[in-house]
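Trainee: Could we go through the terms used for this model one at a time, and set each against its definition?
Mentor: Gladly; please begin with the helix contact.

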Amino acid sequence: MLVEDSLVVRELLRHIVSRDARLRIVAAVASGEEALGMIEVVRPDVISMDIRLPGIDGLETTRRIMAERPTPIVVVADAVEDASLRISMNALRAGALSVVEKPVATTNAGYEAVADEICTQLRIMAQVPVIRRRPIGTEWATRKGAPAAAAGPLSAEAPTVLGLAASTGGPPALARVLGALPADFPLPVLVVQHMGAAFMDGFAAWLDSVVPLPVAVARDGERAEAGHVYVAPGDRHLELGPGRTLRILDSAPVSGQRPAATVLFRSIARQCGAAGIGVLLTGMGEDGALGLLDMQRAGAATVAEHESSAVVYGMPAAAVRLGAARFVLPLDRVGPEILRLAEPGRPAGAAP
């Protein structure tokens, strides 16, 4: 189902989607009210959601769909409008799975790439199982057993850097984890989030507005400071260099990704050895698993998100299969565990 108030853009999206034989449009509506009214009738496998809608906007429409009839949602947003970006990020927090750039005229130089990305995201996200939104961790609480621990005992060496990585479902997961860290958190935080390059500045600005720590897109050559969050820029790898210097690279994608979590984690393993913390959150594919394994072998603390809270249990599952994760935790326990690891005097599970 296409939800887009502009007739021109709606017809352009219809044209783009109709070119892909694996996709079929069951409805094309101009408002959130129409989308909510049609969803039980057409029962779409995936929804393309505009954000700037008349009446009920795309964010509220997303919230209601995820509460009443959970369906994979791909947000189609104008990447250059700050207001749209903020709403788009909040829609991801409300349950949308990904955000893609809104198409422009077919004569635009980047049209084909944008059109291909829209179809790819719709196909992929249509396969993602989604559930009604509920407090993260409730399913875990009903399971028996404790968080899994792998590898051997942790090194006594004090951590110096935290690396976080995520893909599908990542923005709200990162907001949850970083939101659990206090403003005086003692480590620099390096982040890889798989997202279209056009959205990275807006993503970093949104994250900065919802967590206690200052967040910015990483710059080549700057020194990573404690209590600051550095997000990999769009379509560039982020590495940790000697002396906590950040390196931005345009080398080839790894596991089909640039930025790649494995590139970040391997650099932390090289530079920090046992004095690193690596955390791999929700995401499709296997990026990050091999890098997390390098960190674990170097003696670092490594954490993977548990299946019970992951929107897509792909990347963390790959890490668990490799034995790369010393701890496998539901999302609401990741932040407190990071605090315990970063500040050894803090009791396990203590609130910040």
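Trainee: What makes the meeting of H7 and H8 a contact in this predicted model?
Mentor: Contact requires heavy atoms within 4.5 Å, and on that criterion Pro171, Leu174, Ala175 and Leu178 in H7 meet Phe203, Trp206, Leu207 and Val210 in H8. The residues of this contact divide into 8 nonpolar, no polar and no charged.

Trainee: How do you describe the packing of H7 and H8?
Mentor: Two packed helices are described by the angle between their axes and the distance between the axes. For helix H7 (residues 170–179) and helix H8 (residues 200–210), the axes come within 10 Å and cross at roughly 35°.

Trainee: Why is the crossing of H7 and H8 called right-handed?
Mentor: The name right-handed applies if the near helix is turned clockwise from the far one by less than a right angle, and the crossing of H7 and H8 is right-handed.

Trainee: How do you know that strand E3 and strand E4 pair?
Mentor: Pairing asks for at least two bridges; strand E3 (residues 47–50) and strand E4 (residues 73–77) have 4 bridges in the parallel sense, so they pair by that criterion. Within this pair, Met49 stands opposite Val75 in E4.

Trainee: What makes E2 and E5 edge strands?
Mentor: In the open sheet of 5 strands, the order is E2-E1-E3-E4-E5, with parallel pairing; strand E2 (28–29) and strand E5 (98–101) each pair on one side only.

Trainee: Which helix lies across E3, E4 and E5?
Mentor: Helix H5 (residues 111–125) does, running at about 160° to E5.

Notes: Residues are numbered from 1 along each chain as its sequence is written. This is a predicted model: local features need pLDDT of at least 70, side-chain atom pairs count only at pLDDT 80 or more; totals for chains, interfaces and linings use all residues. Side-chain values use heavy atoms; hydrogens and water are left out. Helices (H or I, at least four residues) and strands (E, at least two) are DSSP runs, numbered from the N terminus. Axes are lines fitted to C-alpha atoms, for helices over the stretch in contact, and angles run from 0 to 180 degrees between N-to-C directions. Ala, Val, Leu, Ile, Met, Phe, Trp, Tyr, Cys and Pro count as nonpolar, Asp, Glu, Lys and Arg as charged, and the others, Gly among them, as polar.
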